[in-house]
Amino acid sequence: MKTLAGFFGLDRNASRERRMRLRLDIADTAVYAIGDVHGCLSELVALEREIAADAAALPGRKLIIMLGDYIDRGPEPCQVIEHLMAPPPEGFERVCLTGNHEVAMLDYLDGRLSLLDWMLMGAQATLLSYGIDHDRLGQVHQSLRRVDEAVRSAIPASHVAFLRSLPIMVEAERYVFVHAGIRPELELDQQSDDDLIYIRSAFYESPHPLTKYVVHGHTPVLDAGMQRGRINIDTGCFYSGRLTSLRIFRDKGSYLSNRPG
């Protein structure tokens with residue numbers, strides 16, 4: 001069966017470098033995982049304020065883990081990238097994971113994905129945030145090659161380097177943080193990059209038990225929650241206006257939102 005990656009013209013054997021996988025000790029750390037942002041900068045800033053207020057009463061190290069999909073669909077993808085490249089909120093560390101939308105953007109920039117296929121994923125919002133009017137560009141340049149050249153030249157090299165540097169998974173003693181999910185029947189070191197950022201049914205429907213809680217996004221839900229060890233915190237911010245974070249502290253979890261209460 002063709003994977004979602006296949007439908008978007010991606011070659012699973014394409015020459016992408018394998019992404020970093022991190023192992024962290026979070027035993028004495030307040031961890032705040034944040035779901036899919038999709039260009040919603042104001043919601044992200046508001047959620048960070050809620051997180052800072054929540055963390056003020058907690059001792060020890062504070063860590064924000066972003067679960068990927070910072071671009072496409074919402075109004076300010078470029079500005080979200082700039083925000084994440086800047087220092088995290090005072091007193092916090094931050095790890096940004098890659099999502100499938102960041103990988104698709106790089107696949108386009110590297111010539112592995114057509115602009116049309118990226119546009120089907122919501123890239124028009126990303127292009128506009130970089131000052132690119134795709135429709136107007138197509139009128140000015142009749143050649144697809146010239147359109148691609150104009151788009152690629154408009155993306156700052158620093159943004160491209162940031163996207164290339166993003167790890168794909170964080171593993172802790174009892175938790176895994178990843179964009180989409182995992183194949184429960186495989187060991188973590190055997191997971192493919194494509195599965196970690198694209199998987200859905202093979203993750204949700206697998207009869208194999210999880211050995212760790214998996215904190216993820218990728219598949220929008222009305223409310224964040226846990227099912228059989230799968231903790232989904234993607235609450236569809238670009239259409240719902242609600243960005244969600246899971247706080248894990250001393251092995252207990254609670255949810256925060258950019259909309260208090």
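Student: Which residues is S206 in contact with, leaving aside its neighbours within four places in sequence?
Tutor: S206 is in contact with P184, E185, S201, R228 and R230, where contact means heavy atoms within 4.5 Å. This is a predicted model, in which local features need pLDDT of at least 70, side-chain atom pairs count only at pLDDT 80 or more, and totals for chains, interfaces and linings use all residues. Residues are numbered from 1 along each chain as its sequence is written, and side-chain values use heavy atoms, with hydrogens and water left out.

Student: Where is the place of S206?
Tutor: S206 is in the loop between α11 (201–204) and β7 (213–216). Helices (H or I, at least four residues) and strands (E, at least two) are DSSP runs, numbered from the N terminus.

Student: Is S206 buried or exposed?
Tutor: S206 counts as buried, at 7% relative accessibility. Buried means under 20% relative accessible area, exposed over 50%, and partly exposed in between (1.4 Å probe, protein chains only).

Student: What lies 3.2 Å from a polar atom of its side chain?
Tutor: The backbone nitrogen of H208 lies at that distance from the S206 side chain.

Student: You listed E185. Which side chain does E185 meet in a salt bridge?
Tutor: That of R183, at 4.0 Å, N to O. A salt bridge is a side-chain nitrogen of Lys or Arg within 4 Å of a carboxyl oxygen of Asp or Glu. E185 is partly exposed at 38% relative accessibility, and R183 is partly exposed at 27%.

Student: How many salt bridges does a search of the whole structure find?
Tutor: The search finds 17. One of them joins D54 and R247, with the closest N and O atoms 2.9 Å apart. D54 lies in helix α2 (residues 41–55) and R247 in strand β10 (residues 244–249), so this pair ties together parts that are 193 residues apart in sequence. D54 is partly exposed, with a relative accessible area of 23%.

Student: Which residues are linked in a network of salt bridges?
Tutor: R16, D107, D110, R112, R164 and D194. R112 is partly exposed at 23% relative accessibility, whereas D107 is buried at 0%.

Student: How many residues of α4 are buried?
Tutor: Ten of the ten, so α4 is largely enclosed by the rest of the structure. Among them are N100, H101, E102 and D107. The buried residues of α4 pack against α5 (115–119), α8 (144–154), α9 and α10.

Student: What comes just after α4?
Tutor: G111, just after this helix, takes a positive phi of about 85 degrees.

Student: Pockets now. What volume does the largest pocket have?
Tutor: About 410 Å³. On a 1 Å grid over the protein atoms alone, a pocket is an open set of points where a 1.4 Å probe fits, with protein on both sides within 12 Å along at least five of seven lines; lining residues have an atom within 4 Å of a point. Grid points are joined across faces, edges and corners, and the volume is the space filled by probe spheres set on the points.

Technical notes
A polar contact is a pair of N or O atoms within 3.5 Å; within protein, one must be able to donate a hydrogen and the other to accept it, and residues adjacent in sequence count only if both atoms are side-chain atoms.
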